[in-house]
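Have the sequence and the 3D view open as you read.

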Amino acid sequence: MIDRNSSLLTARPASPPPSRRPRLSHARMYERLLASDPAWDGVFFTGVLTTGIYCLPSCKARKPKSENVRFFANVEDARAAGLRPCRKCHPDDYARGADPVLESIETLVEEMRADPAAFPDVRAVVRRSGFGSTRLFELFRIHFHATPAELLLRARIEAAKRLLATDTAPLTEVALSAGFESLSVFHEQFRSRQGLTPGTWRGLAAARSVRSLSIALPHDFALPEARRALARDRDSASERTEPDGTFVAAIRIDGAPVVVRLRFADASAHVETDSDVPGPSLHAWLVRLLGLEQDAAGFSRLARRLGLQRLVAGRPGLRILQTNTIFDGLLWSILGQQITVGFAATLRRRLTEQFGPEAGAGLRCTPDATALASLAPESLAPLQFSASKAAYVVGLAREIAEGRLDLERLAHSSATRVERTLRAVRGLGPWSVNYVMMRSLGFADCTPLGDTGLTSGLQRLFLLEQRPDADATRRLVSPFSPYRSLATAHLWLYERTSS
């Protein structure tokens with residue numbers, strides 16, 4: 001099989017030699033072909049005798065009949081049989097670790113982020129790409145879980161923030177320099193995504209440090225669900241909810257431990273800290289935590305079009321609250337594997353109490369990668385870590401601490417690059433990777449296959465006799481694309497609240 005122990009950031013493992021492959025029956029491989037399962041890409045290649053083409057198992061082309069399929073250990077064998085590579089899934093590129101289509105889309109997005117004003121509208125993005133409009137939208141959805149318009153808007157807002165922090169030019173000039181068509185559009189879009197006006201954000205950036213901050217919440221923000229999600233961590237060593245509803249957490253702002261107190265009032269979120277912190281960093285943490293940039297309204301419209309209003313009833317503005325850091329999400333994804341949520345929380349609390357730095361108010365920050373990388377896996381046994389879970393945690397920490405897994409780079413990568421990178425890390429399977437992409441990196445179209453809350457929610461929503469397996473889950477959630485992350489969050493709640 002593919003070596004999942006590799007931790008290279010950008011390189012994909014080459015096709016494994018036949019001697020390392022499992023002995024798979026034709027029926028089993030054909031089953032994975034019908035499922036378009038990307039987990040089997042590189043494990044075998046699919047040849048279609050009637051078309052003369054060979055593909056990856058995940059290829060989205062029309063599925064052939066079983067009697068017309070032949071399976072190959074590698075692309076060389078497929079070519080030797082007289083077949084040619086598919087132009088849709090590019091199996092030869094996959095086999096040698098290259099992906100020119102992905103690389104071209106990533107380059108285009110980098111250009112948009114560097115100079116969004118160079119792209120006055122989506123038509124300019126299409127022209128620059130060299131793809132047709134339909135194909136480009138598909139590629140953006142697959143690789144970035146967003147439309148070109150969405151990514152262009154994000155790029156404009158980030159460019160405006162850079163200008164506001166370093167330039168004293170009038171707001172109109174800032175708006176035009178960032179690519180907005182007018183000051184009014186700039187003001188509206190900035191405030192809806194950042195909870196502040198551009199002028200207020202400029203003042204925040206100009207201040208050397210702050211101890212408090214307030215932002216406006218979207219009119220549809222699902223506040224009760226956000227409160228409940230925050231309150232679930234009240235027994236943690238790093239987070240708690242006080243009797244008046246204030247959420248208190250020990251986090252890191254620019255690497256320094258700090259205690260934050262978050263409360264909601266008057267359609268706003270108010271946060272206070274126990275020490276001076278950079279205003280933009282505190283603001284970025286809060287916007288990210290609350291998921292303010294997620295398109296909750298878009299998902300609600302999609303649910304209504306599908307005739308599934310009951311899924312979003314009472315919570316159309318639900319957002320997926322994000323973990324404090326990417327490492328926090330990675331750590332939780334390993335701790336939560338194959339045990340109850342309660343015991344996973346206990347393991348996290350013990351780990352934090354033992355190795356997390358004090359932040360104040362009786363709380364500690366979750367330990368970072370550097371703190372855990374120096375441990376021997378067996379030192380976690382007294383905390384009731386299994387041998388495998390301890391090895392995964394320490395191994396992950398070492399990958400990060402020693403620079404082989406760059407989380408900062410990961411935060412700005414495409415969804416495809418993130419998934420390939422994390423799947424190569426020992427201890428991270430499909431569920432873990434999709435969970436981190438949803439909860440820590442904010443990708444919009446993830447499905448944590450095998451999640452019991454998700455499958456139970458689907459069973460209730462569609463009145464199934466039993467919970468769906470992985471293939472059935474893929475089929476059932478596919479109509480929710482490109483919002484499968486929010487669909488998952490709603491299904492989690494639907495499973496708990498429906499009757």
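Helix 22 (residues 452-461) packs against helix 24 (residues 484-497) at an angle of about 70 degrees, and their axes are 7 Å apart. This is a predicted model, where local features need pLDDT of at least 70, side-chain atom pairs count only at pLDDT 80 or more, and totals for chains, interfaces and linings use all residues. Residues are numbered from 1 along each chain as its sequence is written, and side-chain values use heavy atoms, with hydrogens and water left out.

**Helix 22 and helix 24**
- The angle makes helix 22 roughly perpendicular to helix 24 (65 to 115 degrees counts as roughly perpendicular).
- From helix 22, Gly453, Leu454, Ser456, Gly457, Leu458, Arg460 and Leu461 meet Thr488, Leu491, Trp492, Tyr494 and Glu495 of helix 24 (contact means heavy atoms within 4.5 Å).
- By class, this contact has six nonpolar, four polar and two charged residues.

**Helix 4 and helix 6**
- The axes of helix 4 (residues 100-114) and helix 6 (residues 133-144) come within 11 Å and cross at roughly 90 degrees.
- That makes helix 4 roughly perpendicular to helix 6.
- Their contact divides into ten nonpolar, one polar and three charged residues.

**Helix 10**
- In helix 10 (residues 198-206), Pro198, Trp201, Arg202, Leu204 and Ala205 are buried (under 20% relative accessible area, with a 1.4 Å probe and protein chains only).
- Seen down the axis of helix 10, these buried residues fall within an arc of 160 degrees, so they line one face of the helix.
- Their cover includes helix 7 (148-166), helix 9 (183-194) and strand 5 (210-216).

Technical notes. Buried means under 20% relative accessible area, exposed over 50%, partly exposed in between (1.4 Å probe, protein chains only). Helices (H or I, at least four residues) and strands (E, at least two) are DSSP runs, numbered from the N terminus. The arc is that of the directions from the helix axis to the C-beta atoms. Axes are lines fitted to C-alpha atoms, for helices over the stretch in contact, and angles run from 0 to 180 degrees between N-to-C directions. Angles under 35 degrees count as roughly parallel, over 145 as roughly antiparallel, 65 to 115 as roughly perpendicular and the rest as oblique. Ala, Val, Leu, Ile, Met, Phe, Trp, Tyr, Cys and Pro count as nonpolar, Asp, Glu, Lys and Arg as charged, and the others, Gly among them, as polar.
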